[in-house]
Structure formats: C-alpha cells, structure tokens
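Please consult the sequence and structure shown here alongside the text.

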Amino acid sequence: MEAKWCMLLTIALMLLLVNGDDEAPVKPVVKTVKGKKVCQKGWECKRFSKFCCKETISEYFQTYQFENLFAKRNTPVAHAVGFWDYHSFITAAAEHQPDGFGTTGGKKTGMKEVAAFLGHVGSKTSCGYGVATGGPLAWGLCYNKELSPDSLYCDEYYKLTYPCAPGAAYYGRGALPLYWNYNYGKAGEALKVDLLNHPEYIEQNATLAFQAAIWRWMTPVKKNQPSAHDAFVGNWKPTKNDTLAKRVPGFGTTMNILYGDSVCGQGDSDSMNNIVSHYQYYLDLMGVGREEAGPHEVLTCSEQLAFNPSSSSPTS
C-alpha cells in the first residue's frame, strides 16, 4: 500500500511540474542584428523580431478573458456554435505578432490593440440586440458567415486578376467578414490558401478565419495609406490632407480604413457607435478600462472624410 501511495504521489508531482512548465513564460532567444536587439519567443513569436522581445498576447490575454468577451457565442440560439475558440485566435495571432500585432509598445498598448481588433470582430459577428440575455455586447462571434446572401458578390471587373470560380459565392465569411472575389483573392494570396476557388474554407476553419481578419487589420487598402494596425498604435503620421479630413491616429481611423464612408463621416450613426461600444466593453472586461479609449475625435470617425470614398473605389 505504501509503495502504491508513493507511486501516486510521484505521478501527481510529475503532472504538476508539466503543467507548471506549460504555463511558465517562454524566455526569449536574443541576438543582435545590425546593432539592434531582436528576439524569438517560442511558437507564438517564432521569427526573430524586435516585437518578440515584448510580452506575447497569450501572456496578457488568456482563455478566460476570451470567454468573458464572447460569453454567448455557444448558446443554442447562436449560429456558429462550437466554431470559434481561444486556441484558433491565438494560433492565428502568432503569424503577425513578430510584425507587431499585440506586441507594439508596452503591455497596455498590446491589450488595447487586441481589444480594438476584437471590438471590430465582435460588432461584425454579433447577433445581440437590445434586450438579449447578457446585453447586446455579449453576443460577438455568433456568426461565421452571412446566412441569407442575396448576391454571389462576383465582380467581373476583376475577371482577369481574380476570376470567379464556377459555382463559388463570395458572400461575407469570417471574423471580419470578407466579401467579393477580389478580396478573397487578395487574402488567399497573402495567406497562401486558394480562397478564390474555395471561399468556403473561411467558414470551415476558425484559425483561417481569424488569420484573414488579422491580415486585413495589418494590411493597408492602398499604398501610401495606413493599415488599421498602424493607425491604431501610432506608427502612422497624418499628412496635411489627413488633418484637413479630420483623420487622426486612434480607433476612429481604424473604422475609416476598414469600412470607409459606409460608417464614417455620417455623424454619430448607430453602426459606428455599435463598433465603438464593443471596443469600450472589451477594454472594461480586459481590465484596461474604457477611459483609455481616448477622446471623441480619437475614438470615433463621425466627422472623418473617407480615405477611399465609395463612389470612386470598391470597398470590402
């Protein structure tokens, strides 16, 4: 009996050590390149980068926080039950953490960027409404695709560069829903996945759905324009024309980049305020606090002119 208890105790201690190792912060591998310190930090920041010398997202944003933000996504009335999870998000984020996603600046800046990105995601995938259980902001990631598309979203203007595949439909799918053949084509090229011929992959794989959304967050719509990431973390310096158009670094301009004049320059519209409310709600839940979101002109785009007016160029 004593030998049996000793064996059980040994196994318990081994399991405790293994679990402890899993949760311990990964020490970065550090080297100097051209006089600058760069790091590699385990699977989550596997390319040498200055950003990998910082805390990775999983060190400050963990499973329980993801569950708090998207508390109602797996309720029976949701439309993507069992699809979205923390592991898919953090795996997708690992591809861009060496580029600064969630790793630019200090821990607070990283948390704010994750809250900002997920604020967009929550707003665009929500099935919440005013009297919904838990409140309208608790229902993000309720969808992973458009349920009743009224179009194939095939633009023949791009038939030479991004030709529509026979039988394919390019309706909204993903965490920041992709629309139109040319957007699926561009995302597929970047992610090295054939989304032009297989747009359905986005609604079948949550990691890929998050990867497409983070790629969109990190990528400018056009040259000489900022990405949503750069506009949010302060990498972008507005020109004189930007200042005249009331475009300033911050959350408001991320809406301008992602949605243009369908959301921005419309005053305090419901669509804009819904996105802002999700961001503020997530800041509160993550322990940052909505007071860190900034003043009205930084937080919103109510008076901003669009970078790419809808009359002159297609938007996603």
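Cys301 is buried, at 0% relative accessibility (buried means under 20% relative accessible area, exposed over 50% and partly exposed in between, with a 1.4 Å probe and protein chains only). The model is predicted: local features need pLDDT of at least 70, side-chain atom pairs count only at pLDDT 80 or more, and totals for chains, interfaces and linings use all residues. Residues are numbered from 1 along each chain as its sequence is written, and side-chain values use heavy atoms, leaving out hydrogens and water.

**Disulfide of Cys264 and Cys301**
- Cys301 forms a disulfide with Cys264, the sulfur atoms being 2.1 Å apart (a disulfide is a pair of cysteine sulfur atoms within 2.5 Å).
- The S-S torsion of this pair is about -80 degrees, so the disulfide is left-handed.
- Cys264 also counts as buried, at 2% relative accessibility.

**Other disulfides**
- The structure holds 5 disulfides.
- Cys39 and Cys53 are joined with their sulfur atoms 2.0 Å apart, and a torsion of about 100 degrees makes this disulfide right-handed.
- Cys39 is buried at 0% relative accessible area, whereas Cys53 is partly exposed at 24%.
- Cys154 is linked to Cys164, S to S 2.0 Å; Cys154 is partly exposed at 28%, as is Cys164 at 25%.

**Helix packing**
- The axes of α5 (residues 107-124) and α12 (residues 270-285) come within 8 Å and cross at roughly 135 degrees.
- By class, the contact of α5 with α12 has 7 nonpolar, 6 polar and 2 charged residues.

Note on methods: Axes are lines fitted to C-alpha atoms, for helices over the stretch in contact, and angles run from 0 to 180 degrees between N-to-C directions. Helices (H or I, at least four residues) and strands (E, at least two) are DSSP runs, numbered from the N terminus. Ala, Val, Leu, Ile, Met, Phe, Trp, Tyr, Cys and Pro count as nonpolar, Asp, Glu, Lys and Arg as charged, and the others, Gly among them, as polar.
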